[in-house]
Amino acid sequence: MSENKKVILAYSGGLDTTTIVPWLKETYNYDVICVCVDVGQGKETNGLEEKALKSGASKCYIVNVIDEFVEEYCWPALKADAVYEKKYLLGTSLARPLISKVLVDYAHKEEAEAICHGATGKGNDQVRFELGIGALDPQLKIIAPWREWDLQSREDLMDFCIEHDIKVSTSHDQSYSRDTNLLHMSHEGLELEDPSIEPNYKHILRITNALNETPDEAEEIKIEFVKGEPVAINDQKMSPRKILETCNKIGGKHGIGVIDLIENRVVGMKSRGIYETPGGSILYRAHEELEHMCLDRETFAFKEQASVKFAEIVYGGQWFTPLREALSAFFDETQKTVTGIVKLKLYKGNMILTYVTSPYSLYNAEIASFTTGDLYNHKDAEGFIHLYGLPLRVRALMRLSAREKGQDIE
């Protein structure tokens, strides 16, 4: 039985973490225990245990937390309408706190003294992992090889693996940095680092059709929500996980939810990424349309501001904070009447609203109609406009008086 100290490695089986296993053994003389947290990577988890052991790990756990990911992380973000910099639906950002939680749990289980992650010293994930781990157990040591070793590129990593007789499937011309979970897939690196180059979507995309490969006929999807959470697709009740899987399949077929974003990273630099979020994009759009019907003006307006802050918090790795928890409680309160049905027509990357209804609708046809009804008298508008515009008239009178006196107010 080995007496070496133990380290938990956040393991994906990709190039970075495959390289890290022998590096940890050589550098720290650790027993390396790999933990792959399954948040919906699909086939990427196949054969990981054998791969980890062959690269030198003493153990490998594959921990399925897909249901928890959708219900406890994706749904709160959906209810918040959380979008970072108007485009990014936080696919990677939402998974990181849950992964951190699982890593800490297994560090306790295995009595490991440290947790290691494969995030680079330029990226956001180092912040997310380390804030998450620190919030849950500040006594655990954190190791970030990209901030320590002399390897400078993905090519260096591939060469390192070859030197240590470790087989890697990543080729030099396809070594994009990818992250996958049930909510999205991201792509970075290679030619994408030049924003002047148009992405070859047919070459890059994995879960979404390029527009020229989408059907020539539109498809309608019907989504039912209860208190802000989707509960049924096309009249079929489904689990949260199944709902997201179904929306991914339908949305991916029609080229929904592909964005090209130059974003501001936590560490200060800008980076470019291609994100595929077909199912999430459908659910976000449908949820927002229902909120337009069910939320009053002031709540909706304040929620928009809070949503931006929530997205910034999640993007920056601050999931386990009092502010994030308080904001989630606020969003939950706003969702009590966000119940209803939304229909969207999907066609070549577009989502067109065709139907929305709710038992808690604040839309009143009798008031909104051009036809005069009992609940709204056109004559009432005159007094409202007079008071609403009073500051403008006061300012205009002041300026007029100043000009008459020859005063310069410009």
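How much of the chain over residues 6-166 is helix, and how much is strand? In this predicted model, that stretch is 48% helix and 16% strand, and its end C-alpha atoms sit 22 Å apart. UniProt, in an unreviewed entry, lists residues 6-166 as "domain: Arginosuccinate synthase-like N-terminal".

Now let's look inside. The largest nonpolar core counts 76 residues, and Ile8, Val35, Phe69, Leu90, Ile221, Ile282 and Phe310 are the ones with the most contacts inside it. Domain 1 (6-164) and domain 2 (177-295 + 337-363) both contribute residues, so this core lies between them. There's also a second, separate core of 27 residues, with Leu15, Leu24, Trp146 and Cys161 among them.

Leaving aside residues up to four places away in sequence, Phe69 touches Val39, Cys74, Gly91, Leu94, Ala95, Leu98, Asn181, Leu182 and Leu183.

Next stop is helix 8, which runs over residues 240-253. From first C-alpha to last, its 14 residues reach 20 Å, close to the 20 Å you'd expect at 1.5 Å a residue. Its buried residues are Pro240, Ile243, Leu244, Thr246, Cys247, Asn248, Ile250, Gly251 and Gly252. What covers them? The cover includes helix 3 (66-80), strand 8 (219-226), strand 9 (229-233), helix 9 (278-294) and strand 13 (340-347). Just past the end of helix 8, Gly255 takes a positive phi of about 70°.

Helix 9 is where you'll find Gly280. Gly280 counts as buried because its relative accessibility is 2%, under the 20% cut-off. Setting aside residues up to four places away in sequence, Gly280 touches Leu89, Leu183, Leu244 and Asn248.

Finally, the rings. The structure holds 14 aromatic pairs. Take Trp23 and Tyr28: their ring centres are 6.0 Å apart and their planes meet at 70°, so the pair is edge-to-face. Trp23 is buried at 9% relative accessibility, while Tyr28 is partly exposed at 25%. For Phe384 and Tyr388, the centres are 5.3 Å apart and the planes are at 20°, so that pair is stacked. Both lie in helix 13 (residues 380-388), four residues apart, or about one turn of the helix. An α-helix has 3.6 residues a turn, so residues three or four places apart point the same way. Phe384 and Tyr388 are both exposed. Elsewhere, ring pairs link Tyr73, Phe302, Phe310, Trp319, Phe330 and Phe331 into a cluster.

Terms used:
Residues numbered from 1 in each chain as written. Predicted model: local features only at pLDDT ≥ 70, side-chain atom pairs only at ≥ 80, totals over all residues. Heavy atoms only, no water. Core = buried A, V, L, I, M, F, W, Y, C linked by side-chain atoms within 4.5 Å. Buried < 20%, exposed > 50% of the residue type's maximum accessible area, 1.4 Å probe, protein only. Domains from an automatic or database assignment. Contact = heavy atoms within 4.5 Å. UniProt positions renumbered as here; feature names shortened; annotations may be inferred. Helix = DSSP H or I, 4+ residues; strand = E, 2+ residues; numbered from the N terminus. Expected span 1.5 Å × (residues − 1). Phe/Tyr/Trp six-rings, centres within 6.5 Å; stacked < 30°, edge-to-face > 60°.
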